[in-house]
Amino acid sequence: MTASLDTIVTAEAPEGIALALRPAGVVARAYGFVIDLLIRGVVLMIASMVLGTMHRLGGGLFMVLLFGVEWLYPVLFELLPGSATPGKRAVGLKVVMDTGLPVTPAASLVRNLLRAADFLPFLYAFGLLAMLLRPDFKRIGDLAAGTLVVHADGVRLHGALPEATPRAPARPLSTPEQAAIVAWAGRATRLTPARHDELAQLAASVTRGTNAKADGAHATEHLLGVAQWIVGRR
């Protein structure tokens, strides 16, 4: 029962970092859509008033602007820092790839062009149905582009240090080395276990001496102890 209610999507980045993504539901996305709709409406209304004085030329320019605002407005903002239109940003959402990485130009273009399919047969009925049938709330455009609309929670690169018995390092550590070890320990919940152990083995000289080697589990345990020692828990 718990699994069916879980709306957390876990993705592993190429660096081995485990990302927990929270897909945005229908209500949050609808709020963002309405805000963007109002923004586009205001822009087009002002443009029509200005271009209306230019007769046929103004009409042609308005049609070009209408196309750009309707189809390129979301693409432009999704490719800027923040990966979200003003409406999505206002409600704390952003668009990412399924891997959690920033959306690519091709993916953004595909997901937005396919809004035409999501709109069918009327008022985004197909898109709404697709979102309601999936735990990750993907519409047709998202399925085709491999994208997710997620809550843009602040990403914590370094969290609380896992519990471990404090251990003094096997050799003196420079300030950058100390910072790197504490940062590694703080990312324990964001790295996959295999990647976490792999990085710990690279720092074996810190825990067991210059030429010593340790298996992943022991290296991780010892290095976590060193991180606790660095932050003053001795």
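Where is Ser83 found? Select Ser83 and you land in the loop between helix 3 (55-79) and helix 4 (86-90); helices here are DSSP runs of H or I with at least four residues, numbered from the N terminus. Before going on, note that this is a predicted model, where local features need pLDDT of at least 70, side-chain atom pairs count only at pLDDT 80 or more, and totals for chains, interfaces and linings use all residues. Residues are numbered from 1 along each chain as its sequence is written, and side-chain values use heavy atoms, with hydrogens and water left out.

Stay on Ser83: it counts as buried because its relative accessibility is 11% (buried is under 20% relative accessible area, exposed over 50%, partly exposed in between, with a 1.4 Å probe and protein chains only). Now show its contacts (heavy atoms within 4.5 Å). Setting aside neighbours within four places in sequence, Ser83 meets Phe77, Glu78, Lys94 and Val95.

Next, pick Phe119, in helix 6 (residues 115-119). Phe119 has 38% relative accessibility, so it counts as partly exposed. Leaving out residues up to four places away in sequence, Phe119 touches Tyr124 and Ala125.

Last stop: Ile46, which sits in helix 2 (residues 26-51). Ile46 is partly exposed because its relative accessibility is 47%.

How values were computed: Helix = DSSP H or I, 4+ residues; strand = E, 2+ residues; numbered from the N terminus.
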